[in-house]
Amino acid sequence: MKQEVRVSVRNLVEFILRNGDISQKMGVMQDVDAMQAGSRAHRKLQKQGGSNYRAEVSLKRKIEIDETLDIQVEGRADGVITNPADGTDIMIDEIKGTFTKLEAIETADILHVAQADCYACIYANLHELEKISVRITYIHLETEMIKTFEFDRTREELESWFQDLVHQYARWAKWQIEWQKLRDETIKTLAFPYEYRLSQKRMMNGVYRSIDEGKNIFIQAPTGTGKTLGTLFPSIKAMGQGSCGRIFYLTAKTITRTVAEDTGKLLQGKGLRMKFITLTAKEKICPLEECLCQPDVCERAKGHFDRVNEAIFDMINHEDQIDRTCILDYAGRYQVCPFEFQLDIALWCDVIICDYNYVFDPVVYLKRFFGDAMANMVFLVDEAHNLVDRAREMYSAVLYRKSFDGVYRKLKPIRPKIARKVHKCGQYLKDYQESREEEGSSYAVVREVGSFILSLMRMVSDMEDYLQEDMAPELRETVTELYFDARRFINTYDLLDEKYIIYTEGTGGESMVKMFCVDPSGNLSERIGMSRSCIFFSATLLPVQYYKDLLSGKPEADYEMYVDSPFRPEKRLIFTAGDVSSRYTCRNAEQYERIAEYIRKIIRGKNGNYLVFCPSYAFMDSVFEVFTEKEMPKAGNGLQVFRQESGMDEDARRAFLENFKEKPHETILGFCVLGGIFSEGIDLKADRLIGAIIVGTGLPGIGSERELLKTYFDKTKGNGFDYAYLFPGMNKVLQAGGRVIRSEDDKGIIALLDERFNYSSYRRMFPREWIPFQKLNMDSVEKNIEKFWTEQINTL
């Protein structure tokens with residue numbers, strides 16, 4: 001049976017024709033054609049083209065390689081221009097945006113020309129044209145001036161070149177066909193590795209149905225329901241049926257990536273042949289102390305593209321589970337950049353495990369997967385509650401006055417012209433600050449930044465040229481940092497709509513201006529729309545409408561599912577304590593002592609491992625000191641106490657968690673910050689954790705951004721406090737409580753210490769598995785805890 005492989009024009013050209021040093025791709029100038037400002041320039045030029053200019057023309061052509069294979073090349077030409085005089089002369093227009101001065105662009109980039117030539121060949125063949133022209137149009141993103149390069153082609157010369165290009169790709173296409181055939185055969189015979197839980201099976205059916213119908217779904221699934229396997233397995237089955245071409249498993253934290261990797265290994269151990277790759281951040285995989293992708297600094301950057309394709313072909317023929325260690329091994333053998341190498345490998349993998357930003361961030365997303373909207377992708381968004389704040393930051397941009405001041409001081413004696421432009425931009429921030437201070441406010445909304453943006457564009461244009469020169473490494477680092485920050489700010493300006501607020505705050509060098517994306521749903525929906533289906537899942541997607549509003553452009557069209565807990569409620573004790581408070585107005589020695597006394601009463605019920613979650617470091621330290629003042633004399637005699645330190649690295653985190661061992665002979669008590677590194681993503685199964693004592697409701701501290709959110713959602717939803725404070729705060733509480741019961745054999749206590757947990761507005765946030773709960777006080781808590789543990793012993 002004859003097979004067909006589809007490839008985009010952009011990927012075909014970049015993959016086959018690339019060669020030389022990596023700096024040719026990764027230098028300052030190289031990614032400007034993908035910028036948001038470039039998109040705006042595209043649209044403007046296309047509109048100015050007139051009646052003989054057709055924009056965004058879809059083109060595709062099928063090439064027969066042999067009796068077994070056809071390759072379909074497809075893409076979208078920026079413009080097709082018909083000569084208005086007689087309607088016969090045709091020109092293909094390829095538009096690229098740049099901040100580089102146009103006089104510095106002496107020739108058109110070879111890859112840009114090749115893209116245009118591909119479209120020209122396809123168009124000439126389709127319309128039986130003997131001659132056709134191509135034009136590369138560079139538009140300066142500040143001045144909007146253009147520079148063009150035109151080339152006349154014959155159909156014959158294009159055909160010969162295009163056929164050779166596609167036939168070079170055939171080697172890779174044939175590998176892809178054979179691999180997918182093998183992969184799909186093993187998918188069909190793959191059995192679920194465990195006995196089905198009813199709740200997990202229902203979740204998998206929901207995922208499969210969503211992918212099959214091309215819909216998005218939001219899944220609230222309690223901890224321990226097997227969300228990773230419950231989403232990956234049906235997605236893989238959908239891939240075997242042709243409903244899914246590639247799976248992105250998206251995470252916010254390294255530990256959840258590890259769970260996805262382990263799930264892949266589990267399924268591979270059951271006979272699945274599928275290529276999994278985990279992408280690692282550039283700074284964590286670069287072999288140099290400082291990531292400088294320049295041939296004079298890094299030997300691997302020199303001639304990287306001359307070697308990388310053979311490295312790719314070797315790896316895809318010999319590895320199915322590709323992680324950081326594997327990538328570093330092959331990159332060392334072939335002397336290629338491991339970061340760029342892993343991105344190229346991803347094109348040939350079935351499951352890509354990576355951070356959210358590789359799909360959603362407008363600056364660092366994997367453009368090779370989204371340029372032509374060809375891929376039949378499925379996004380599995382793990383711990384999706386984290387995406388709200390992450391997306392806000394991805395689509396926001398901030399500039400600090402001190403950055404301009406620092407660059408100005410360094411450039412003034414050596415590059416006064418650029419320094420003056422830097423100073424002018426910094427003056428805008430100073431003016432914003434002084435205007436706000438005259439009003440007597442700590443922060444203020446900025447109504448107009450158009451003039452500031454124009455000044456930034458002029459500054460960036462000069463910096464673009466300057467960064468091509470030789471300079472001291474320290475100076476380059478300082479200038480480059482401001483350059484990219486300013487460029488991001490300019491790009492974000494192109495996204496501005498009613499879901500953004502521009503504000504300023506701070507004093508002196510710390511004064512800043514920020515384009516704050518208060519509602520990221522519109523920006524996210526553009527990328528989500530490029531997938532077949534997006535599966536949002538978490539143990540804490542409550543209330544689901546809040547997450548649908550902020551993560552989906554069309555929440556009314558998305559599915560939602562609540563997965564019941566598979567664990568028996570009698571194995572946990574959940575109680576609220578209404579006679580203590582963590583409110584700011586109640587933070588005093590008396591309350592700290594009452595909270596410490598609650599902790600003492602709870603841990604007396606049973607020796608074991610406990611975590612105390614406090615609303616801040618200051619609050620934690622106060623309770624810790626009050627508690628240990630009485631208890632430390634007992635240290636080494638049945639009690640050990642630890643607390644989270646600010647800025648703990650991975651080794652320190654690991655050491656902290658290693659204190660919580662199975663079958664402890666004494667009580668281990670850890671003090672942590674609610675919403676911090678230990679309140680989600682850690683997996684202390686069995687008796688490694690038997691109690692979570694949660695102090696406070698997790699409400700974010702009052703600040704400029706929270707108040708801006710409150711005001712915005714008061715206007716748009718009518719419940720600004722809930723959107724800005726209550727929902728994100730209670731999410732922290734639910735995450736912390738989810739650390740306790742993680743398997744069928746787990747048992748333990750979730751203590752909610754704050755009077756507000758008895759208020760209806762907070763209680764309605766409790767998940768189903770927290771109902772029923774008990775209302776206890778200082779007098780009744782010890783007796784009820786003793787009763788709970790006695791019942792656990794009696795049921796053994």
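**Exercise 1.** Determine which residue forms a salt bridge with Arg-171, and where the two partners lie.

*Solution.* Step 1: Arg-171 forms a salt bridge with Glu-310, and their closest N and O atoms are 3.1 Å apart. A salt bridge is a side-chain nitrogen of Lys or Arg within 4 Å of a carboxyl oxygen of Asp or Glu.

Step 1: The pair links distant parts of the chain, 139 residues apart, with Arg-171 in helix α5 and Glu-310 in helix α10 (residues 304-318). Helices (H or I, at least four residues) and strands (E, at least two) are DSSP runs, numbered from the N terminus.

Note on the model: it is predicted; local features need pLDDT of at least 70, side-chain atom pairs count only at pLDDT 80 or more, and totals for chains, interfaces and linings use all residues. Residues are numbered from 1 along each chain as its sequence is written, and side-chain values use heavy atoms, with hydrogens and water left out.

**Exercise 2.** Classify Glu-393 and Lys-514 as buried, partly exposed or exposed.

*Solution.* Step 1: Buried means under 20% relative accessible area, exposed over 50%, and partly exposed in between (1.4 Å probe, protein chains only).

Step 1: Glu-393 has a relative accessible area of 44%, so this residue is partly exposed. Lys-514 has 7% and is therefore buried.

Step 2: These two side chains form a salt bridge, with the closest N and O atoms 3.1 Å apart. Glu-393 belongs to helix α15 and Lys-514 to strand β16 (residues 512-517), 121 residues apart.
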